[in-house]
Amino acid sequence: MEFIGVLIPIFSIFAIGYIGIKFLPIDIKSISTMTLYLMSPFLAFRTFYQNELNMDYIYLGAFLLVLCMISLLFSYLVGYIRKWDQQVKSGFVLSSVFMNNGNYGVPLILLVFGEEGFHYAIILMVLQTLIMCTIGIYFAAKGGADGRRIKISPLKDVVKVPIVYGAILGILLNLFHLPINDQMMTAIDMVADATIPTIMVVLGMQLAKIKLGDLEFGRVSLAVVFRLLLAPVIAYFLTLPLPVDEMVKDILIITAAMPTAANTTMYALQFGSRPGFVSSVTLITTLLSLITLPLLLTILV
């Protein structure tokens, strides 16, 4: 029941967006743009500013980066075999490579491993944020629907998105121990706290636009299988040589088995990288994780 308790707030916020778009003339793209360019930089800044940077970041960062590279290789191999165009490949990357280890993973790790595990969950959340706001945005921009993407490097889109600068500023102030006054921190906290719920509301809105007849069951199934089943198996083998204790290895494997991150829907929507496909995978992996994560926890813990 505690596990279900972790998920109730998540699905409740999805429902707000789902119901809202059914009754109100809301422009999803405008909300997505506001969240990506105005709100997310504050969340990235606070995440890196408030969490102590230490050697744990090296080991856990290496794990996440290698897992990301293997996942990208898998996505491109499948795309090459099936002769997908860049837009489809980018949508598949967004839905299968990046996991929800923030608003889903952190409370789950706290529930299972307590305060000690919570420390590592926060580090993983920080590092995953950095990966998603660079590599994630790069692939979202690369699969953009408008023709100009053919001529303009998606790296320019990464540079334009201020999330990266918020993260860098947070790291610098953290490293040099530069304080921020309480009034300014209160303002930062207000925007940062609103960011994740807004992203989840956008996902709920996007889900409301999906029709069962439009679901690409073959591609969705591939993304779901990789995200929930293959990724934790890969993570298990990656943890074997890591010089960390068994609890940390278990946390890394559980983190790899999380459903698709809600942020990816916002990226896909913003750059036109198959947002319908990405949001459908996000919903299905989140629902199926009600089965897969308890089974994984039974094996590991």
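Visitor: Where is Arg-274 found?
Guide: Arg-274 sits in the loop between helix H11 (263-271) and helix H12 (275-300). Helices here are DSSP runs of H or I with at least four residues, and strands are runs of E with at least two, numbered from the N terminus. This is a predicted model, in which local features need pLDDT of at least 70 and side-chain atom pairs count only at pLDDT 80 or more, while totals for chains, interfaces and linings use all residues. Residues are numbered from 1 along each chain as its sequence is written, and side-chain values use heavy atoms, with hydrogens and water left out.

Visitor: What about the phi of Arg-274?
Guide: The phi is positive, about 55 degrees, although Arg-274 is not a glycine.

Visitor: Which side chain does Arg-274 meet in a salt bridge?
Guide: That of Glu-216, at 2.4 Å, N to O. A salt bridge means a side-chain nitrogen of Lys or Arg within 4 Å of a carboxyl oxygen of Asp or Glu. The pair joins distant parts of the chain, 58 residues apart, with Glu-216 in the loop between H8 and helix H9 (217-239).

Visitor: Why can such side chains pair at all?
Guide: Side chains of opposite charge can pair when their charged atoms come close.

Visitor: How many salt bridges does the structure hold?
Guide: Five. One of them is between Arg-46 and Asp-193, at 2.7 Å, N to O. Arg-46 is in helix H2 (residues 28-50) and Asp-193 in helix H8, so this pair also links distant parts of the chain, 147 residues apart.

Visitor: Is Arg-46 buried or exposed?
Guide: Buried, with a relative accessible area of 15%. Asp-193 is partly exposed, at 47%. The cut-offs are under 20% relative accessible area for buried, over 50% for exposed, and partly exposed in between (1.4 Å probe, protein chains only).

Visitor: Which residues are linked with Arg-46 in a network?
Guide: Asp-189 and Asp-193, through salt bridges.

Visitor: Now H10. Which side chains meet at 3.9 Å?
Guide: Glu-246 and Lys-249 form that salt bridge, N to O. Both lie in helix H10 (residues 246-256), three residues apart, about one turn of the helix. Glu-246 is exposed, with a relative accessible area of 54%, whereas Lys-249 counts as buried at 11%.
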